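Here's a quick briefing to read with the model open beside you. Grab a viewer and follow along topic by topic.

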Amino acid sequence: GGVGKGGGKPVFDIESVRRFSPGQSLSFARELFATFALSYADTSLLTGYVGRDIVQLGRYHAMTRFGCALDCNDASFDGVDGILGMGLPDAAIPGIPTPLIFALSSDRGGLEGANYINERVMHQRKFAFLSTAESGEIQLGGYDRASTNADMVYVPTTSTTEYSVNVQSLTFGGIELLNWRDQKHPNAIPAILDTGTTCLVIPDSYLGGRVTDKPFSKFQSIMTKGMSFYITIDGHLFEIPFQFWWQKINNAPCVMASPQGYDGVLLGDVVFQSLVVEFDLTKPHKPLVGIAPRNPLYAPVRPGTQDALKIPMIKRSAQGVYVEEPHAQKYRDGVDHVPVTMNRLRTQYFVNVSVGSPPQHFTVLVDTGSSTFAIFARLPPKQGNINVPRTEEVHSRGKRGRG
């Protein structure tokens, strides 16, 4: 991105992204003068207008509303064509009420009415996420048993707006980091599963007097290489092995203190490397999270492979991002395996989506912490008097939450 006036913070460069051209799509429909503002990870903001068109992820496609972004306030979106929110419908923004996962499933949960006849949709509203040191995979329509070392254990989420689960215990090297004062009653803190977080993030407070030690400080005082974390999620014990919480690149632990004001855990990429996590949205107001140890011998689907290619993989080269086109498509178990690529700098996962007819291809950021699909776009041919607020104006009016 360019640099702001007076050499300040870098400015987002819209020329660095591929933009959707509504005028080139035969199936595009403009939602009448609707605009949107979407916040991501607390500081980034995308603004634009609402469109409706055919969106394809893996082999599934459906006609749905999505954000057509004209402006962004964050240079970290340079080279990123948009964002795919895989969160819950209660966290969606009003103008774009249907998260893409719901638009792509045969029962939309009462959203947007009946499906169009020509759509290819998922029969199970579920997806699973796994990560390795280099890449990752989204499995659409369920999870692949070959990718796990044990059966999935299902736990309820504690929220209808984020993928939050109850954690009763977190030990390191056999020592309890959540040392509850009241041993007579069950105790738990929330843990949010978030693809936008890199490390294991744990509180550094006394949790309002509920614990005898600050968990993060206690970890720092006893940290030794080679040891595992064990986390108890809703009564089920899972290991976070040393090789996943220790960052070889920096020769440092990928464990951090929770942000001020959040007395909970954030389970980031460290956890998606240790475990396969399935998000079961069959009941949108009672979502389940499935958790199983990842099979280290399972290789995520690669770009250009013949057997199970789903969405083409993205490669990062010095020139930026380029996309490999899909080859002959074959599927196993009715679960679509979508390759995910990671950004080297901070953990960001990308997948390919296509929009419109004929399809236009985009590389977008995957985010389980938000629920909106938005891509950068040009104005529709007959835009009339569309009045989209610029990101600075929206910011000065104040924002709510993660959007």
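In this predicted model, the largest nonpolar core takes in 73 residues, and the ones touching the most other members are Ile138, Leu193, Phe229 and Phe373. Apart from that core there's another one, of 19 residues, with Val17, Tyr40, Leu46 and Phe77 among them.

**Around Ile138**

- Which residues does Ile138 touch, leaving aside those up to four places away in sequence? Its contacts include Met86, Phe127, Ala128 and Phe129.
- Ile138 also touches Asp336, His337, Val338 and Val340, along with Val351 and Val366.

**The overall picture**

- The protein has 403 residues, and 55% of them count as buried.
- If you're counting secondary structure, expect 5 helices and 27 strands.
- Take the contacts in the protein with a separation of 6 or more: residues 24 or more positions apart account for 68% of them.
- The accessible surface comes to about 17400 Å², and carbon and sulfur atoms hold 53% of that.

**Cysteines**

- How many disulfides does the structure hold? There's 1, and it joins Cys199 to Cys254 with an S to S distance of 1.9 Å.
- Cys199 sits in the loop between β12 (189–193) and β13 (200–202), while Cys254 sits in the loop between β17 (252–253) and β18 (255–257), so the pair ties together parts that are 55 residues apart in sequence.
- The link of Cys199 and Cys254 is left-handed, with -85 degrees about the S-S bond.
- Both Cys199 and Cys254 are buried.

**Salt bridges**

- Searching the whole structure turns up 4 salt bridges.
- One of them pairs Arg18 with Asp81, whose closest N and O atoms are 2.9 Å apart. Arg18 belongs to the loop between β2 (10–11) and β3 (29–40) and Asp81 to the loop between β5 (60–72) and β6 (82–85), so this pair ties together parts that are 63 residues apart in sequence.
- Buried or exposed? Asp81 is buried, because its relative accessible area is 3%, under the 20% cut-off. Arg18 is partly exposed, with a relative accessible area of 33%.
- Arg19 forms a salt bridge with Glu15, with 3.4 Å between the closest N and O atoms. Glu15 counts as exposed, at 61% relative accessibility.
- The side chains of Asp213 and Lys218 also meet in a salt bridge, at 3.4 Å from N to O. Lys218 counts as buried at 17% relative accessibility, whereas Asp213 counts as partly exposed at 28%.

**Helix α2**

- Which residues of helix α2 (residues 215–222) are buried? They are Pro215, Phe216, Lys218 and Phe219.

**Strand β4**

- Gly48 lies in strand β4 (residues 44–57), and it counts as buried at 0% relative accessibility.
- Gly48 and Thr35 are 13 residues apart in sequence, with their C-alpha atoms 5.6 Å apart in space.

- Ser357 and Pro358 are joined by a cis peptide bond, with omega at about -5 degrees. You'll find Pro358 in the loop between β25 (349–355) and β26 (360–367).
- Leu207 isn't a glycine, yet its phi is positive, near 50 degrees. Leu207 is in the loop between β13 and α2, and it counts as buried at 3% relative accessibility.
- Asp234 isn't a glycine either, and has a positive phi of about 50 degrees. Asp234 falls in the loop between β14 (229–233) and β15 (236–240), where it counts as partly exposed at 27% relative accessibility.

Technical notes:
Residues are numbered from 1 along each chain as its sequence is written. This is a predicted model: local features need pLDDT of at least 70, side-chain atom pairs count only at pLDDT 80 or more; totals for chains, interfaces and linings use all residues. Side-chain values use heavy atoms; hydrogens and water are left out. A disulfide is a pair of cysteine sulfur atoms within 2.5 Å. Helices (H or I, at least four residues) and strands (E, at least two) are DSSP runs, numbered from the N terminus. Buried means under 20% relative accessible area, exposed over 50%, partly exposed in between (1.4 Å probe, protein chains only). A nonpolar core is a set of buried Ala, Val, Leu, Ile, Met, Phe, Trp, Tyr and Cys residues joined through side-chain atoms within 4.5 Å. Contact means heavy atoms within 4.5 Å. Accessible areas come from the Shrake-Rupley method with a 1.4 Å probe; for residues, only the protein chains shown count as cover.
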